[in-house]
Every structure is written in C-alpha cells, then in structure tokens.
Amino acid sequence: MTAVLAVLVTTAAACLLVLHRTGAEQVAPLPQVECPEKEGVQTYPHPELCDQFYLCSNGTLTLERCQNGLLFKGGHGAAHHHCHYHWDVDCGSRAVELIPLSSDGCEYQFGLYTDAAGACSGKYTRCEFGRPQLVDCPPGLAFDVTIHRCQWADQLEHIGCTAEQVTGFKCPSGIPSDPVSARFWPYPRFAIEGDCEKLISCVNGHPRVISCGEDLVVDDSTLTCEEPELVPNCGCVLPVFKVVSSFFQSLRAAKEEEKR
C-alpha cells in the first residue's frame with residue numbers, strides 16, 4: 001500500500017501543474033493515475049497545494065478542493081468533506097493561500113468563532129457555507145478562541161472571562177458551613193436550585209458545573225448522583241424525558257418504514 005501510494009504522489013508531482021480557471025477559483029489538473037484501492041473511500045494529499053487533495057471513491061479518482069477556511073491533512077475529525085479547519089492543519093511544504101470570503105458573522109465560509117455576545121456567553125458561532133449558527137458549550141464551559149473549543153471557564157482569564165460569570169456562582173473562601181457540602185472538601189459541592197441533572201463542584205476556588213450523566217439525577221441530601229427512583233423530588237425527570245424521546249424515535253422509525 002505504501003509503495004503504491006508513493007507512486008501516486010510521485011506521479012502527481014511530476015504532472016504538469018498548469019492552472020486553469022473554473023469560475024473564480026483555480027484548480028490544478030487531475031493527474032492521469034489510478035487509485036491504489038478499487039473499493040471504499042481513500043484520500044491523499046496534493047503534493048504541492050494544501051487546499052486540494054485526491055479522492056478515491058470505489059476506484060474513481062477525482063481532484064477535490066477544500067471549502068474556504070478549510071485545508072487538507074487527512075485523518076479523522078474533518079469539518080467538511082475530508083477537510084479540516086485551517087488552524088488545525090500543518091501544511092509543511094505544501095503551498096497555502098487563505099483569503100477570507102467573509103459574510104455576516106463569518107470571517108471564512110467555514111470556521112468557529114466567539115459569540116458576538118462575548119467570550120463568557122457559553123456559546124460560540126459555527127459557520128458552514130458562510131451561514132452562522134449559534135452553538136451551546138456544555139454547561140459551565142465557555143469558548144476559548146485561542147484553542148477553538150469549549151473549556152472550563154476558570155481557564156479563560158486570558159480572554160477576560162471568569163467561572164463566576166459563566167456559572168453565576170461564587171465559591172466560598174473556606175470550608176462551607178453546610179456539612180453535606182463540606183464533606184467533599186477541598187472540592188466542596190453545591191446543589192443548583194431547580195436542576196436535577198447538574199451540581200456545582202468548587203475546584204481551586206472556582207465553580208465548575210458537573211453533570212450526572214445519562215440515567216442519573218442529583219440527590220440534594222447527599223450531593224451525589226443517584227438512580228431516579230432513589231430521589232423522590234427528581235424521580236420523574238428522566239422517565240418523562242425517556243418517554244418523550246422514545247415517542248419521537250418510534251415516530252421517525254414509522255416514517256422510515258413508510259418510505260420503503
């Protein structure tokens with residue numbers, strides 16, 4: 001496989017890379033080589049251009065271009081059509097020219113950006129084809145534009161955000177007077193009023209929202225996650241959710257059956 005791939009890349013590099021114009025873009029001509037594998041989908045980097053790659057689909061070879069804001073590096077985690085966000089790609093010796101095609105809320109057609117409401121909003125903007133979509137970070141997290149993902153709010157002081165702003169909770173400076181909270185010292189826990197699925201845990205004096213996860217709820221009397229039937233005041237929360245979820249799953253299954 002490695003030898004065949006080397007032939008593919010070497011042959012591609014030797015091909016004449018005279019550019020021709022397609023609309024407003026320039027695309028290198030497709031080399032006359034065959035796919036190493038005749039079944040499945042495989043991708044290979046263009047030898048000279050970082051925003052292009054070769055796609056083999058069941059033995060059919062095509063030259064592909066990444067969308068604006070994306071580059072090719074292969075592997076998992078692609079944002080769109082085998083391409084990754086440009087800040088996540090090391091092009092090495094391959095040429096790259098990033099020219100923003102901006103629209104309202106999107107610097108590039110594909111990208112992740114801070115919410116217009118501010119870094120502490122707990123949301124971020126995901127752009128696809130130049131269309132912005134507001135996305136929620138997991139509870140207690142906020143978007144860090146320097147690493148392009150959500151993380152604990154107490155790690156975001158470098159962008160002017162604090163955990164207290166995101167969670168709306170301030171941890172006590174010492175051991176809590178409440179014995180239930182104090183038993184978890186040095187990481188005391190606190191209930192979130194009206195929330196059966198999450199609680200607050202103070203880590204190094206900063207509040208972090210902890211989710212119980214699937215099928216468990218918070219027991220206010222112990223500040224632990226338990227089975228719903230063991231927590232009377234929260235016991236109906238997850239069963240109702242499961243019933244509603246099951247209903248919609250059955251509805252979707254019925255519609256799929258009708259299409260067959």
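Two strands pair if DSSP finds at least two bridges between them, and strands here are DSSP runs (E, at least two residues), numbered from the N terminus.

**Entry 1: ground rules.** I am working with a predicted model, where local features need pLDDT of at least 70, side-chain atom pairs count only at pLDDT 80 or more, and totals for chains, interfaces and linings use all residues. I count residues from 1 along each chain as its sequence is written, and side-chain values use heavy atoms, with hydrogens and water left out.

**Entry 2: an open sheet.** I found 3 strands in the order β13-β14-β15, paired antiparallel. β13 (189-191) and β15 (206-211) are the edge strands with a single partner each, so one side of each has no neighbour in the sheet. I traced 3 bridges between β13 and β14 (residues 198-203); R189 has S201 in β14 as its bridge partner.

**Entry 3: a hairpin.** A hairpin of 6 residues leads from β3 to β4, and the bridge partner of Y44 in β4 is Y54.

**Entry 4: disulfides.** Taking cysteine sulfur atoms within 2.5 Å as a disulfide, I get 9 disulfides. One of them joins C50 to C91; C50 sits in the loop between β3 and β4, and C91 lies 41 residues away in the loop between β7 and β8. Both C50 and C91 are buried. Another links C137 and C150, and its torsion of about -70 degrees about the S-S bond makes it left-handed.

Methods. Helices (H or I, at least four residues) and strands (E, at least two) are DSSP runs, numbered from the N terminus. Buried means under 20% relative accessible area, exposed over 50%, partly exposed in between (1.4 Å probe, protein chains only).
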